[in-house]
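Open the model in your viewer and keep the selection tool at hand. We will go from stop to stop.

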Amino acid sequence: MSRSVRTRPEGSGRGLHEAYDTALLDLDGVVYAGGNAIAHAVDSLATAHDGGMRLAYVTNNALRTPDAVAAHLTELGIPTGAEDVITSAQAVARLIAEQVPSGARVLVIGGEGLRVALRERGLEPVESAEDDPAAVVQGFGGPELPWGRFAEACYAIARGVPWYASNTDLTIPGARGIAPGNGAAVEVVRIATGAEPQVAGKPLPPMHRETILRTGAQRPLVVGDRLDTDIEGAFNGEVDSLLVLTGVTDGAQLLAAPPQHRPTYVDADLRGLLTGQPEIAGDADGGFRCGGWTARAGGERLELDGEGAALDGLRALCAAAWTAGGERGCGLDAGKALARLGW
């Protein structure tokens, strides 16, 4: 399907919690970091919910069950039921169930979240390649996952058993920093077998389909901190997105983003759900204006003049960079402009 190339963040005269019926929220880097709530997240989500917006939590992490995720959010002060949590384990379980017989055995390389999701779809989790599985599924299993589990996957895949992965995120944030994610584990099996898995999680369509089926959202807004999963997933699902700058994406990555990684809106944190979004005026010839800032694409670098809120300056720079980049990412030097904004 042909899509127009986004060349600037959009404005909104209404708070986003009023303009959209459902927020599809990523967790790590958006709602919490290292298990602790991010500043302003609890109050912002409460206000959005009280204003009529449904809150759904969409995670690529297949380790925990929806019940466990909901309990964690509730402990943080965000009352949540299991029905409000959608995981990549659920998305991959549905994908498998559509391709193997009902009641089939599935070799699980991962944690309890995968096993619960498979049973929900009428499939039987097993532990060994000798259990005659109809499929192999791989999801994040935590730091204690034994190395021998990868071998079981390889034995089954070498016999022609189809292979599925909940997601392929190479890293996962933790309390002590960035750790290897399920994508790194998938690479181990890929190297050993030469096979390619069917993948369900963000940014691919099975995960978006799962969220819409479970929430019934008519006008959803994807809220995330990662360009390559959250924002690209929204792009693939043809829905709007809000990037919050509380996670892994920095200003330079945002300015260099290709079309599939350009969010509809940009804000500092989840307070952005509650406010309107400023319009960006101007064009490439006269410069792009937001707040007190004007941004242009020069011959070798992005240029920024003016003063005001740093976030408005970043939005203006997005317009200059995305327009200059067109259907590719912008390669102009943004270092000096970002330094003016404190990035």
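How many aromatic pairs does a search of the whole structure find? The search finds two. Bear in mind that this is a predicted model.

**Stop one: Tyr20 and Tyr265**

Select Tyr20 and Tyr265 together. Their ring centres are 6.2 Å apart. Now look at where each partner sits. Tyr20 is in the loop between helix H1 (16-19) and strand S1 (22-25), while Tyr265 belongs to strand S15 (residues 265-267). The pair therefore ties together parts that are 245 residues apart in sequence. Are these two residues buried or exposed? Both Tyr20 and Tyr265 are buried.

**Stop two: Trp147 and Phe150**

Next, select Trp147 and Phe150. This aromatic pair is edge-to-face, with 5.3 Å from centre to centre and 85° between the planes. Colour by accessibility here. Trp147 is exposed, at a relative accessible area of 63%. Phe150 is buried, at 10%.

**Stop three: Thr65**

You are in the loop between strand S4 (54-59) and helix H3 (66-75). Thr65 has 15% relative accessibility and counts as buried, because buried means under 20%. What is Thr65 in contact with, leaving aside its neighbours within four places in sequence? Show Glu112, Gly113 and Val116: these are its contacts.

Terms used
Residues are numbered from 1 along each chain as its sequence is written. This is a predicted model: local features need pLDDT of at least 70, side-chain atom pairs count only at pLDDT 80 or more; totals for chains, interfaces and linings use all residues. Side-chain values use heavy atoms; hydrogens and water are left out. Rings of Phe, Tyr and Trp (its six-membered ring) pair if their centres lie within 6.5 Å; planes under 30 degrees apart count as stacked, over 60 as edge-to-face and the rest as tilted. Helices (H or I, at least four residues) and strands (E, at least two) are DSSP runs, numbered from the N terminus. Buried means under 20% relative accessible area, exposed over 50%, partly exposed in between (1.4 Å probe, protein chains only). Contact means heavy atoms within 4.5 Å.
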